Number of protein chains: 6
Amino acid sequence: MESKWIKAMYRVLYLSPVAPRPRHEELFADMVRAHKWPETEARVACLPAHVGQFNHVEFRSYEALVTPDLIRGVRAASREGFDACVIGCFYDTAVLEAREISGEMIVTAPCEASCDIAATLSNRFGIIVGRQKWVNQMQKTVHRLGHGDRLTGFYAVGLGVTDFQTDHGLTRRCLMETADRAVNRDHAEALILGCTMEIGFHKDLERMFGVPVIDPSSAAFMRAQYFARLKQRSGLKPSRKWSCEAPPEDEMQTLDVFEQPPFFGNEINIPAQGNRQ
Amino acid sequence: MESKWIKAMYRVLYLSPVAPRPRHEELFADMVRAHKWPETEARVACLPAHVGQFNHVEFRSYEALVTPDLIRGVRAASREGFDACVIGCFYDTAVLEAREISGEMIVTAPCEASCDIAATLSNRFGIIVGRQKWVNQMQKTVHRLGHGDRLTGFYAVGLGVTDFQTDHGLTRRCLMETADRAVNRDHAEALILGCTMEIGFHKDLERMFGVPVIDPSSAAFMRAQYFARLKQRSGLKPSRKWSCEAPPEDEMQTLDVFEQPPFFGNEINIPAQGNRQ
Amino acid sequence: MESKWIKAMYRVLYLSPVAPRPRHEELFADMVRAHKWPETEARVACLPAHVGQFNHVEFRSYEALVTPDLIRGVRAASREGFDACVIGCFYDTAVLEAREISGEMIVTAPCEASCDIAATLSNRFGIIVGRQKWVNQMQKTVHRLGHGDRLTGFYAVGLGVTDFQTDHGLTRRCLMETADRAVNRDHAEALILGCTMEIGFHKDLERMFGVPVIDPSSAAFMRAQYFARLKQRSGLKPSRKWSCEAPPEDEMQTLDVFEQPPFFGNEINIPAQGNRQ
Amino acid sequence: MESKWIKAMYRVLYLSPVAPRPRHEELFADMVRAHKWPETEARVACLPAHVGQFNHVEFRSYEALVTPDLIRGVRAASREGFDACVIGCFYDTAVLEAREISGEMIVTAPCEASCDIAATLSNRFGIIVGRQKWVNQMQKTVHRLGHGDRLTGFYAVGLGVTDFQTDHGLTRRCLMETADRAVNRDHAEALILGCTMEIGFHKDLERMFGVPVIDPSSAAFMRAQYFARLKQRSGLKPSRKWSCEAPPEDEMQTLDVFEQPPFFGNEINIPAQGNRQ
Amino acid sequence: MESKWIKAMYRVLYLSPVAPRPRHEELFADMVRAHKWPETEARVACLPAHVGQFNHVEFRSYEALVTPDLIRGVRAASREGFDACVIGCFYDTAVLEAREISGEMIVTAPCEASCDIAATLSNRFGIIVGRQKWVNQMQKTVHRLGHGDRLTGFYAVGLGVTDFQTDHGLTRRCLMETADRAVNRDHAEALILGCTMEIGFHKDLERMFGVPVIDPSSAAFMRAQYFARLKQRSGLKPSRKWSCEAPPEDEMQTLDVFEQPPFFGNEINIPAQGNRQ
Amino acid sequence: MESKWIKAMYRVLYLSPVAPRPRHEELFADMVRAHKWPETEARVACLPAHVGQFNHVEFRSYEALVTPDLIRGVRAASREGFDACVIGCFYDTAVLEAREISGEMIVTAPCEASCDIAATLSNRFGIIVGRQKWVNQMQKTVHRLGHGDRLTGFYAVGLGVTDFQTDHGLTRRCLMETADRAVNRDHAEALILGCTMEIGFHKDLERMFGVPVIDPSSAAFMRAQYFARLKQRSGLKPSRKWSCEAPPEDEMQTLDVFEQPPFFGNEINIPAQGNRQ
């Protein structure tokens with residue numbers, strides 16, 4: 001029985017910036033189980049119930065409203081000893097804010113992870129999103145990350161976050177039509193699915209169009225494991241110099257907001273020995 | 001008595017993203033009185049006391065923590081009939097988020113206002129800030145606004161937000177030394193004071209260096225009045241199309257967070273007839 | 001009679017870079033009357049008759065030929081005590097040259113004014129122009145101003161400057177068709193009319209497409225009033241440092257070109273009490 | 001006598017945008033003689049005496065005032081059959097305007113010519129100019145041309161246009177000190193002299209610093225000959241499509257400004273057989 | 001007999017980065033004869049037979065495989081006393097590498113030459129290439145050169161390098177259709193043929209579309225002559241400072257790869273007196 | 001004995017683009033052993049002896065001369081079944097060329113790997129290199145990768161590739177002095193050592209300056225393992241569409257250059273069970 005030999009080498013958190021919804025967390029726990037490396041101990045969590053109203057953050061204002069709990073969750077995870085964490089939304093919601101107070105934990109997110117992979121596997125890529133509403137903000141993120149010149153474009157299929165997993169046949173049709181434009185009209189050489197809820201469709205698209213298709217949540221989880229290992233093996237940790245300076249620890253401790261539990265909603269913990277191969 | 005002739009033509013809110021502190025609000029109420037146009041009815045306010053811990057938002061995480069109350073305040077102001085509003089921090093904290101739910105109210109902020117003025121009065125300008133910590137984030141804002149090529153640089157004097165009004169002699173000395181580098185070494189043709197708490201020093205610098213020096217809070221308040229008038233006279237209002245789409249009004253009304261008062265901390269209301277000239 | 005209470009607080013010039021043509025000046029005088037603030041004393045003028053051949057400046061060479069008289073007019077207005085001035089062409093003709101010799105007067109122009117408004121009311125906007133000829137030059141202006149990333153595109157309707165006011169039905173149809181492409185194909189969230197002679201059509205487009213539509217001449221006149229007030233209230237004036245240095249006053253006085261009247265063609269003066277509300 | 005074999009294959013104009021001053025034209029006529037190719041027939045000219053006040057165009061407003069005569073001169077040269085023309089100022093004064101009405105004649109200028117050469121002979125170069133005043137405008141030209149990333153910087157020696165040829169010892173010392181900073185501090189790999197009046201010093205600098213040093217007026221004249229030959233051999237002429245459209249010829253003919261001689265001040269004509277080697 | 005009067009003033013090499021194929025070299029020798037200036041002594045050559053497998057370098061890996069022989073050829077030409085050289089492929093294959101070891105010889109290439117001409121004759125241009133495969137790499141070159149903002153786009157006709165000269169009727173049809181899109185849909189004002197093997201078609205396109213159409217191999221050869229003359233007349237040579245530093249001559253001499261002949265495949269030498277006009 | 005449980009899950013090649021030199025390969029084999037993940041089977045290799053002259057590739061021309069063997073080695077590794085490969089030089093030598101023919105193997109390199117890490121751990125970073133010669137080329141790579149705005153600068157210590165491991169005391173002193181400028185003058189928040197031969201010094205710098213310091217060869221090897229795992233777990237492979245198209249396999253097989261062994265110089269193979277933890 002080999003699994004007993006494996007002990008956790010590092011811990012990775014996948015944090016969904018939405019309220020608890022059981023099937024939601026299970027969806028991403030399955031993704032984590034499928035993409036976990038043997039030594040990874042993982043947790044999939046969402047935000048505590050008290051901001052429980054949000055089952056999507058398609059709006060900037062909704063993101064703003066869940067961000068304090070993201071900040072609290074990231075800080076709690078850091079203090080609990082997590083090595084890396086994913087904020088599970090393709091807006092890369094609050095990733096810069098979270099990095100400021102993540103201590104020695106490294107924070108990453110789906111858009112960042114997906115673009116890095118797409119840029120390594122191709123020269124130009126397209127991003128398939130739900131609604132036109134999202135494009136402007138995501139485009140700024142892609143440009144901030146340095147991938148602006150690699151974009152063939154954003155492609156909106158006209159579905160909201162909560163629609164993707166409702167009618168799989170419809171979702172597949174929408175994605176296929178859009179991917180065709182990206183690849184055959186605009187010469188995309190790889191595709192990114194620009195919403196974590198587009199989970200489950202990338203392999204079909206890959207087969208159909210013969211280009212790499214990147215699922216953002218698993219990409220982000222893989223990247224978080226990479227950075228956790230990098231930290232464990234090379235000792236690399238977030239800079240705290242100049243613009244990376246964190247608030248003074250004692251000042252934070254006087255602010256209730258940082259200190260009051262609960263910090264997570266539904267938690268699913270996946271041990272290192274969970275999926276030994 | 002001429003003041004009776006003046007009736008409010010539009011209403012402008014100056015919202016400080018910090019907790020109530022009486023002398024703080026008075027400082028900005030004085031600024032508003034000095035820069036108000038006759039027909040402007042104004043309010044100076046801060047955030048409600050329940051997020052009362054913050055007397056500065058020098059950190060991204062602090063900004064994130066006050067942002068939900070900013071969002072609530074901006075939405076409340078819009079529903080109360082304000083025409084324009086300033087978010088009073090040189091980070092232009094949450095300006096893009098606030099615009100999403102501002103309805104027919106136009107939102108502006110100090111960095112945006114100051115850069116537009118500096119770009120009209122000069123070809124290149126420098127920005128004098130408190131601490132090096134701030135620079136990276138503010139630089140991104142200036143680039144996002146489209147003024148990146150006009151920057152001679154950011155200049156940190158080594159003071160925190162709450163230091164500027166503590167020892168005026170020290171503040172003046174720090175600003176003078178730094179302005180000298182900006183103007184005479186880097187060829188800045190105008191200067192912006194990159195913190196609303198640097199209020200009160202711009203005229204001295206202007207006299208000393210012979211270049212326009214822009215105070216950010218009054219610049220933002222002037223700009224808000226400009227947009228309020230533009231709205232009143234030309235009927236221009238924020239776009240609600242594509243990326244400017246707001247969350248559905250009914251969805252917002254089901255979210256407690258948008259609906260629970262109080263929306264403001266200390267409020268100082270300044271009537272239209274307040275400073276008729 | 002309330003109007004007697006109002007005295008001019010600042011003076012604004014709207015200068016058309018074309019030869020005198022009575023109905024032309026009246027058109028813009030009406031615009032000024034409709035968008036004037038109570039305290040504004042305004043003048044609408046065009047160039048003196050001796051360069052009277054130009055009724056449009058669609059060509060760079062035509063702009064170059066009217067520019068000396070623009071320079072002379074701007075300098076004359078500055079010496080007459082005007083606080084702000086608009087150069088009334090969407091090319092923002094000679095605005096950088098005029099700023100050099102405008103003394104304490106602030107110079108602005110339609111493209112600059114319109115883009116600033118569009119960028120505040122939306123994230124991305126389109127500009128509807130007359131002929132494809134204009135696009136390249138105007139695009140450079142929009143990029144110089146820092147709004148390049150906000151452009152969905154320029155849209156040429158195929159009409160010349162002097163055509164817009166000839167057959168209003170045709171103009172409306174052309175603008176409607178083009179606006180549809182900008183908004184519905186390219187996802188423009190606001191529109192700018194890229195010629196001062198497109199005056200009169202923006203409200204129809206606004207109603208039809210549900211996005212802000214910016215009329216450039218009134219935008220520029222509003223902006224000039226804003227800067228005039230800013231100057232009067234905050235004492236801000238153009239920088240004269242480094243690249244903003246003006247020619248030596250005594251050298252200019254030896255150059256006939258700066259000193260010989262007339263400086264304006266048809267002048268329409270609109271007093272401060274003209275439109276008290 | 002070999003020179004009889006040479007007949008003019010193409011004609012090139014070097015047009016100084018200043019008033020006639022005999023030694024000035026001779027200076028550039030000597031430059032032309034030294035850099036002429038055998039088959040080139042050349043003319044060195046300045047503007048007609050009636051705008052005769054300008055012996056430099058250090059200011060944007062001065063450039064604007066001489067531009068109508070530049071336009072007239074360029075159009076006249078085109079109609080006289082010149083194949084290429086240089087506008088002899090490192091601001092590349094009015095080059096875009098002149099190109100519009102140059103017919104089949106190709107227009108070039110010193111900054112454009114110098115940067116192309118510097119970019120071919122090195123990866124990064126510095127530009128040594130007279131006064132800080134000039135830098136902002138020239139920098140925009142260099143960026144417009146596409147060479148922004150190759151600039152180590154602009155270096156102002158503190159001399160005006162008319163100073164360079166006054167005290168050669170002083171000029172040499174200023175240039176040497178400045179070149180040292182460009183090459184040894186900022187790692188410039190080539191230098192451009194950013195004023196046509198810096199003529200005569202580039203060889204000394206080249207010897208001292210061991211990098212290519214480009215004299216802008218001869219660079220521009222060489223480039224004009226290149227384009228004249230290209231036109232003669234390959235039939236390439238300026239585009240007149242879209243933004244390159246010229247004003248209608250008949251409209252121009254009704255505008256006195258294009259038609260009234262004189263078009264040039266002092267003319268020095270240098271025949272093809274002038275310097276056969 | 002005038003030709004006896006002409007002696008070579010400078011020597012220019014046109015080097016095709018492919019294996020010897022007699023009709024290939026003759027094609028470019030004819031081009032050289034048609035575009036040579038009287039004083040130019042020219043050589044058309046290809047790579048030595050031992051890398052003889054390549055008759056095109058459509059792939060980055062193929063370019064990499066021929067580059068060592070390009071390097072050797074360029075170094076040999078420099079030591080033989082050539083003044084300028086063209087690397088005859090629109091990828092501008094290895095031009096930066098070749099410049100490093102070209103000694104006093106100036107290296108240029110078709111894309112660089114064509115874009116400079118197109119930018120001088122128009123404001124925006126399109127590039128017609130063979131296959132979509134090429135576009136990404138060539139686009140990077142155009143951006144590196146500084147012409148990114150002038151591109152209306154790349155247009156792939158769907159033909160490979162070796163197809164262009166196979167069925168001239170087909171080639172002409174493909175080019176015509178594509179040019180139409182570039183000029184009439186995308187508003188290109190000039191066209192560049194983005195493959196040296198598109199030779200022979202530019203005049204037809206020019207006649208059909210009324211815009212300048214640039215043949216890249218003759219453009220590069222003209223530019224090489226320009227730089228050769230510049231070197232001979234102005235003494236300008238490549239910088240060897242900082243990033244332009246060449247490997248130490250003695251180190252190169254110990255590396256067999258630089259020293260072993262043959263350096264060229266088929267050579268066609270064209271004397272200065274060859275085409276005296 | 002737990003190690004027997006580990007079987008190789010993927011294979012990674014670290015390929016030095018220099019000739020065999022025993023201590024050189026051992027240096028990187030030690031690095032690989034220290035940074036290997038348990039399931040990784042690794043090979044450290046250099047180029048075959050027949051291009052054995054190069055012990056550094058500081059020059060573009062030297063890179064060009066070793067590139068054909070890099071291409072051959074990468075293709076051989078791909079056919080041998082390697083999943084990912086590092087080209088071990090901070091120039092990221094030939095990484096775009098190698099990707100074209102790497103089949104299903106993913107290629108990465110030190111500069112790409114280091115910048116991605118630095119951008120995740122900080123907002124701005126500096127790169128410490130050997131000689132000024134390198135800077136221009138490396139800067140272009142950093143910009144191509146999309147990290148240009150994050151650079152505080154390149155810092156040359158004045159040592160060549162082969163000097164870094166000669167006098168460790170000297171190297172340490174040079175690096176310390178330079179790092180101080182990067183961090184304390186230019187506000188770098190992380191540092192990258194810009195040469196694989198700077199190996200061994202990063203921990204000292206990290207301790208001294210309190211910022212993350214990234215060793216490029218181990219960064220690249222970590223990244224290669226990440227991509228190998230990504231490929232094995234998510235099935236992601238390089239795109240072969242549009243610009244990513246490889247040469248036709250049958251054409252490559254007719255070209256001797258791709259087929260003739262040897263493909264590697266000194267090979268050190270490190271099994272998966274080598275360093276089980």
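Helices (H or I, at least four residues) and strands (E, at least two) are DSSP runs, numbered from the N terminus. With that in hand, select C:E58, which sits in the loop between β2 (40-46) and α2 (60-80) of chain C. Before going on, a note on what you're looking at: this is a predicted model, where local features need pLDDT of at least 70, side-chain atom pairs count only at pLDDT 80 or more, and totals for chains, interfaces and linings use all residues. Residues are numbered from 1 along each chain as its sequence is written, chains are lettered from A and ligands numbered from 1 in the order in which they are written, and side-chain values use heavy atoms, with hydrogens and water left out.

Is C:E58 buried or exposed? C:E58 has a relative accessible area of 6%, so it counts as buried (under 20%; exposed is over 50%, partly exposed in between, with a 1.4 Å probe and protein chains only). Now show what it touches, contact being heavy atoms within 4.5 Å. Setting aside neighbours within four places in sequence, you'll find C:Y91, C:R131, C:K133, C:W134, C:G160 and C:V161.

Next stop: chain A on its own. Chain A carries 10 helices and nine strands. Its C-alpha atoms fill a box of roughly 55 × 50 × 35 Å along the principal axes. Of the 277 residues in chain A, 68% are buried. Look at the contacts in chain A with a separation of 6 or more: 76% of them come from residues 24 or more positions apart.

Now bring in chain F and color the two chains separately. The contact takes 58 residues from chain F and 59 residues from chain A. Together chain F and chain A bury about 4,900 Å², 54% of it on carbon and sulfur atoms; buried area is the accessible area (1.4 Å probe) that two parts lose on being put together, summed over both.

Zoom in on A:R223 and F:D116. These two form a salt bridge, with the closest N and O atoms 2.9 Å apart (the rule asks for a side-chain nitrogen of Lys or Arg within 4 Å of a carboxyl oxygen of Asp or Glu). The rule finds two salt bridges across this interface of chain F and chain A.

Last, highlight α8(F): it gives 10 residues, the largest share of the side of chain F that touches chain A.
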